Amino acid sequence: MHIVIYIINLSLRSKRPGQNVIIMTEEKKTSICETTKNTITGTQTCECADNCCENTSIQTTTSRIIFADRFDHLLARLGWHRSEHRVEPGLYRLGDPDAESPVFASANYTLSFDALRSSLAGIDAWILVLDTKGINVWCAAGKGTFGTDELVHRIESTGLAGIISHRKIIVPQLGAPGVSWPEVVQRTKFIVEYGPVRANDLPEYLKTHTATPEMRCVKFSFRDRLVLTPVEFMHFVLPTVAVAAVLWFLAGPIAALAAVSAVLSGTVLFPLLLPVIPTRDFSTKGMILGVLVSLPFAYVFVTTPGLPMWAGALSAAAALLLIPAVTAYLALNFTGCTTFTSRMGVKKEIFSYIKVMAGMAAVGVIAGIILGVSRIMGVI
Amino acid sequence: MFNSYTETSLSFDPALCINCKRCTQVCPHAVFTAGPTCVTLDRPSACMECGACALNCPVQAIAVQSGVGCAWGMINAALRGKDMDTESCCGDDGSCCGSSAPKQKAAVCDCGKKER
């Protein structure tokens with residue numbers, strides 16, 4: 001299965017736009033190379049003369065999203081080889097740009113690059129793709145790979161100053177945590193203009209080069225949360241299957257279903273219901289959701305015919321302790337997927353709730369072990 | 001109650017502000033509001049400490065202990081005995097932002113020379 005998907009992916013990738021490399025003339029390349037060698041002052045550039053020119057060729061791309069792109073997006077959303085959904089860093093020509101055309105910076109993650117180019121349909125532009133190691137703009141900015149040094153390096157190594165006349169580059173607003181515009185101006189004489197949060201606002205933005213307050217604010221809509229759920233679930237699919245299989249044999253199908261339900265509620269239901277679950281902390285939200293999910297299982301265990309009362313009560317207690325603990329932990333982990341949790345707040349959450357979750361899980365596991373041993377010994 | 005996000009490390013010195021409004025352009029939560037002579041810090045509790053405002057303030061009127069609010073990354077850092085405050089979330093395979101392993105490779109150029 002892995003091999004089949006890999007082969008399909010490879011064959012589709014070979015058809016991706018942006019692969020038609022237009023090599024610059026040797027004269028131009030040499031000129032840029034000499035200039036770059038003399039002016040590079042960043043910390044990420046090699047001294048090797050050949051490599052300093054590896055990205056001076058301009059590639060072409062289009063604003064059209066084809067089936068291969070959509071398939072790649074699907075795999076990225078499923079978490080398939082997370083860091084391999086990349087486009088080659090460097091300068092891209094979109095449409096028929098000239099020296100006056102706008103320049104947009106992007107990450108070399110296919111979802112970021114494709115969102116940008118598809119939003120620029122009918123617009124002639126240059127796209128400067130930074131090497132963010134296949135990570136999206138927002139995460140790469142937080143990590144620093146979508147940052148000042150890389151932007152300066154790409155501006156210089158592509159010879160952008162010799163291609164355009166206006167020395168202005170439009171950077172996505174969510175790249176700002178990694179980019180210092182005063183430093184970029186100082187090092188390259190390029191002006192950084194922060195575009196809107198969402199690429200699809202760019203056509204409207206370009207009319208005045210002014211973003212409305214609406215364009216400047218990040219949203220986390222139902223759709224935004226929905227597309228994150230597959231990769232969230234895929235992170236935990238193997239341990240979930242393993243635990244469910246063990247529970248099936250030790251405690252029956254209801255217990256196995258409870259394990260799957262706990263993970264599904266933390267990775268799928270929680271993101272979808274995020275705004276409507278009470279409280280602000282993710283851990284308590286997860287705990288509330290977990291309790292709601294565990295109640296039907298607790299009821300089924302208590303009312304199971306033929307099961308001694310103590311065993312039914314212990315099973316119900318295990319469900320009421322384990323499911324909320326798992327859901328709350330998964331909910332806490334979802335903080336990294338959002339754009340509104342601060343480092344200080346998350347740290348406070350961790351110190352407030354992790355011990356509670358661990359305690360609940362430990363007591364729940366002990367209850368489960370007692371039940372499992374009792375079943376094996378024929379007591380229940 | 002049940003709100004860990006009431007405090008922020010964000011601080012702003014209006015006396016230093018030159019009203020360039022860059023902070024209002026980079027903040028995704030409208031924490032700063034444009035004013036006639038300088039911006040105002042109107043919604044500090046909405047700050048997620050991404051650091052964009054401080055990094056783009058040309059006169060250092062804004063300070064914030066920036067970092068990534070990712071429990072996955074912080075818990076993993078703590079489990080590995082590393083600093084929760086400085087480790088970013090995009091570190092391991094399977095983390096929310098994918099792997100950064102290729103970065104290690106990129107530290108050395110194809111020609112064998114180390115990056116400057």
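Me: A residue counts as buried if 20 or more other C-beta atoms, placed from the backbone, lie within 10 Å of its own, as exposed if 12 or fewer do, and as partly exposed in between. What percentage of chain B do buried residues make up?

Reply: Of the 116 residues in chain B, 41% are buried. Bear in mind that this is a predicted model, where local features need pLDDT of at least 70, side-chain atom pairs count only at pLDDT 80 or more, and totals for chains, interfaces and linings use all residues. As for labels, residues are numbered from 1 along each chain as its sequence is written, while chains are lettered from A and ligands numbered from 1 in the order in which they are written.

Me: Which residues does A:Val293 touch, beyond its neighbours within four places in sequence?

Reply: A:Ser261, A:Ala262, A:Ser265, A:Ile323 and A:Thr327. Contact here means C-beta atoms, placed from the backbone, within 7 Å.

Me: What makes chain B's pattern, read along the sequence?

Reply: The pattern goes β-α-β-β-α-β-α-α, with four helices and four strands in total. Those are DSSP runs numbered from the N terminus: helices are H or I with at least four residues, strands are E with at least two.

Me: How do helix H17 of chain A and helix H3 of chain B pack, and at what angle?

Reply: H17 (residues 343-376) of chain A and H3 (residues 71-79) of chain B pack at about 60°, axes 10 Å apart. The axes are lines fitted to C-alpha atoms over the stretch in contact, and angles run from 0 to 180 degrees between N-to-C directions.

Me: Why is that pair called what it's called?

Reply: Under 35 degrees is roughly parallel, over 145 roughly antiparallel, 65 to 115 roughly perpendicular, and the rest oblique. About 60° falls in the rest, so H17(A) and H3(B) are oblique to each other.

Me: Which residues make the contact?

Reply: H17(A) brings A:Val346, A:Lys347, A:Glu349 and A:Ile350, and H3(B) brings B:Ala71, B:Met74 and B:Ile75. By class, that's five nonpolar, no polar and two charged residues. The nonpolar class is Ala, Val, Leu, Ile, Met, Phe, Trp, Tyr, Cys and Pro, the charged class is Asp, Glu, Lys and Arg, and the others, Gly among them, are polar.

Technical notes: Two residues are in contact if their C-beta atoms, placed from the backbone, lie within 7 Å.
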